[in-house]
Amino acid sequence: MTEWVEIIVLVLSGIVVGVINTLAGGGAIISMTLFMVLGLPVGVANGTNRIAVVLQNLTATVSFVRKRMLHIRSGLKLALPAIVGNILGSMVAVTVSDKVFTICMSVVLTAVLLYMIFEKSHKHPHIHGGHPLNVKWHHYLWFLLLGFYGGYIYIGLGYALLIATIWSMDLDIITANVIKNFIIFIATPFSLLIFILNGQVDYLVGLWHGLGNVVGAAFATYFVMAWGIKFVRYFTMAVLLVCFADLLGMFSLQAMFHRLLTLFG
């Protein structure tokens with residue numbers, strides 16, 4: 001397989017992941033699977049993924065700030081405990097077994113999918129991003145735990161953050177996505193540094209994939225207001241179902257990437 005084929009696949013998949021993660025979550029499944037197909041060990045794939053995560057969420061956050069959809073002070077209140085948890089989680093993240101991954105993803109995906117099916121706020125679509133949030137003491141505990149999970153595994157973190165912000169803070173899904181992107185952008189560099197210090201980052205793979213993430217995030221944030229709450233809700237549900245199908249073995253992302261790379265290699 002030639003190097004240019006790997007670069008094209010990394011960039012194109014990064015664009016898809018950037019759109020998915022900005023509007024919903026779960027794109028890390030694609031990133032991690034592709035990295036391991038390219039020969040990266042699980043630990044290195046986990047660390048390398050943080051490069052694209054930082055770049056993608058930086059792009060999304062800048063765009064949301066320009067659109068005045070983010071109240072930075074409220075975001076920082078939630079990001080600070082997430083940073084602490086992120087550092088702690090990264091320090092114990094040596095390897096992630098398939099069993100741990102499957103259990104964590106199944107729980108997170110099930111919770112979010114049930115919420116998307118049964119919640120009623122989408123019938124009264126009102127985007128209230130950009131205004132101060134009512135941050136209470138228990139939110140700091142929630143985001144400390146979520147930060148730990150993000151530092152340890154990361155996959156499914158976007159969905160977990162959506163659950164916390166929508167359920168406990170009564171936010172619409174677009175505002176929840178804005179807060180989600182900001183918190184991940186602020187907290188992830190700390191875990192990335194820990195993976196770098198432990199030699200678990202492939203810079204070329206991460207940067208090429210990150211380039212695609214930037215394009216995808218910019219595209220998603222540019223159109224997100226026009227698409228509205230209803231679109232984002234159904235988009236999130238579609239991504240959730242795809243993730244479930246992969247976890248249940250109905251189809252294999254890893255096999256798909258293998259065939260794709262073999263076809264063009």
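Which residues of the largest nonpolar core touch the most other members? Among its 70 residues, they are L78 and Y159, where a nonpolar core is a set of buried Ala, Val, Leu, Ile, Met, Phe, Trp, Tyr and Cys residues joined through side-chain atoms within 4.5 Å, and buried means under 20% relative accessible area, with a 1.4 Å probe and protein chains only. Helix α9 (residues 203-247) supplies the largest share of this core, 10 residues. A second, separate core has 5 residues, including I51, V54, F195 and V201.

This is a predicted model, in which local features need pLDDT of at least 70 and side-chain atom pairs count only at pLDDT 80 or more, whereas totals for chains, interfaces and linings use all residues. Residues are numbered from 1 along each chain as its sequence is written, and side-chain values use heavy atoms, with hydrogens and water left out.

Beyond its neighbours within four places in sequence, L78 is in contact (heavy atoms within 4.5 Å) with residues including I179 and I183. These contacts belong to the meeting of α4 with α8, in which L78 lies on the α4 side and I179 and I183 on the α8 side. Helix α4 (residues 72-92) and helix α8 (residues 173-197), both DSSP runs of H or I with at least four residues, pack with their axes 8 Å apart at an angle of about 30°, and they are therefore roughly parallel (an angle under 35 degrees) to each other.

S31, found in helix α2 (residues 28-37), counts as buried because its relative accessibility is 0%. S31 touches V17, N49 and H209, with residues up to four places away in sequence not counted.

Notes. Axes fitted to C-alpha atoms, helices over the stretch in contact; angles between N-to-C directions. Helix = DSSP H or I, 4+ residues; strand = E, 2+ residues; numbered from the N terminus. Parallel < 35°, antiparallel > 145°, perpendicular 65-115°, else oblique. Buried < 20%, exposed > 50% of the residue type's maximum accessible area, 1.4 Å probe, protein only.
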